[in-house]
Amino acid sequence: MELAHLLRLSALPIPKDLAQQQRMKKDLQSQLTFVKAIQEIDIPDSVKPLQSIRDETEEAMKEQEITVESLANEFAKEDVVGIRGRIRRKEGTKAVKGKYERWDPLALAPRTIGRYVAVNTAKD
């Protein structure tokens with residue numbers, strides 16, 4: 001009964017048979033045991049909490065810092081144009097696109113119409 005209640009609260013599917021239910025209980029028990037073991041670790045006050053999983057050493061932070069000097073090469077590819085000082089890329093220079101800018105979300109859609117994702121409705 002408790003497992004069904006937890007599954008309902010977490011919007012997970014209810015197991016189809018008793019074997020699957022036992023596997024879920026075993027997995028849940030092992031996860032709870034792990035969490036309890038982590039909570040029992042005595043951490044001294046001198047240890048700072050982890051902000052994120054990355055290299056937080058001074059050298060790494062300095063390397064990741066974005067400064068005007070590190071962007072000088074990109075600034076050299078731009079001109080200030082007009083009364084309002086709009087920034088425009090110089091002729092003949094291309095912006096380097098990162099992996100996320102080259103991502104095509106329409107490639108993942110099961111059905112498209114032109115530049116739009118087609119969604120199946122009850123009428124389809």
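This is a friendly conversation about how to read the features of one predicted protein model.

Visitor: What should I know before I start?

Guide: This is a predicted model, where local features need pLDDT of at least 70 and side-chain atom pairs count only at pLDDT 80 or more, while totals for chains, interfaces and linings use all residues. Residues are numbered from 1 along each chain as its sequence is written, and side-chain values use heavy atoms, with hydrogens and water left out.

Visitor: How many helices and strands does the protein have, and in what order do they run?

Guide: Start with the rule: helices (H or I, at least four residues) and strands (E, at least two) are DSSP runs, numbered from the N terminus. Here there are four helices and four strands. Going from the N terminus, their order is α-α-α-α-β-β-β-β. The radius of gyration is 27 Å, well over the 14 Å that the globule rule gives for 124 residues, so the protein is more spread out than a compact globule. That radius is taken over C-alpha atoms, and the globule rule is 2.2 Å times the number of residues to the power 0.38. Along its principal axes, the C-alpha trace spans about 70 × 65 × 25 Å.

Visitor: What share of the residues count as buried?

Guide: Buried means under 20% relative accessible area, exposed means over 50%, and partly exposed is in between (1.4 Å probe, protein chains only). In this protein, 6% of the 124 residues count as buried. Asn 120 counts as exposed because its relative accessibility is 56%, whereas Asp 104 is partly exposed at 41%.

Visitor: How do I read a salt bridge?

Guide: Side chains of opposite charge can pair when their charged atoms come close. The cut-off is a side-chain nitrogen of Lys or Arg within 4 Å of a carboxyl oxygen of Asp or Glu. This structure holds three salt bridges. In one of them, Glu 74 pairs with Lys 77, and their closest N and O atoms are 3.4 Å apart. Glu 74 is partly exposed at 29% relative accessibility, but Lys 77 counts as buried at 19%.

Visitor: Which residues are linked with Glu 74 in a network?

Guide: Lys 77 and Arg 89 join Glu 74 in a network of salt bridges. The side chains of Glu 74 and Arg 89 meet at 3.9 Å, N to O. Glu 74 lies in helix H4 (residues 72–75) and Arg 89 in strand E2 (residues 86–89), so this pair ties together parts that are 15 residues apart in sequence. Arg 89 is partly exposed, at 32% relative accessibility.

Visitor: Which residue does Lys 90 pair with?

Guide: Its partner is Asp 79, with the closest N and O atoms 3.9 Å apart. Lys 90 lies in the loop between E2 and strand E3 (112–113) and Asp 79 in strand E1 (residues 78–81), so the pair ties together parts that are eleven residues apart in sequence. Both are partly exposed: Lys 90 at 32% and Asp 79 at 36%.

Visitor: Which residues make the nonpolar surface patch?

Guide: Patches are made of residues with over 30% relative accessible area and no salt bridge; like charges are joined within 9 Å, and nonpolar side chains (Val, Leu, Ile, Met, Phe, Trp, Tyr) within 5 Å. Accessible areas come from the Shrake-Rupley method with a 1.4 Å probe, and for residues only the protein chains shown count as cover. Phe 34, Val 35, Ile 38, Ile 41, Ile 43 and Val 47 make a nonpolar patch of about 570 Å². Ile 41 is in the loop between H2 and H3 and is partly exposed at 49%.

Visitor: Which residues form the negative patch?

Guide: Lys and Arg count as positive and Asp and Glu as negative, with His and the chain ends not counted. Each charge is placed at NZ of Lys, CZ of Arg, CG of Asp or CD of Glu. The negative patch consists of Asp 55, Glu 56, Glu 58, Glu 59 and Glu 63. Asp 55 is in the loop between helix H2 (18–39) and helix H3 (58–64), and has a relative accessible area of 43%, which means partly exposed.
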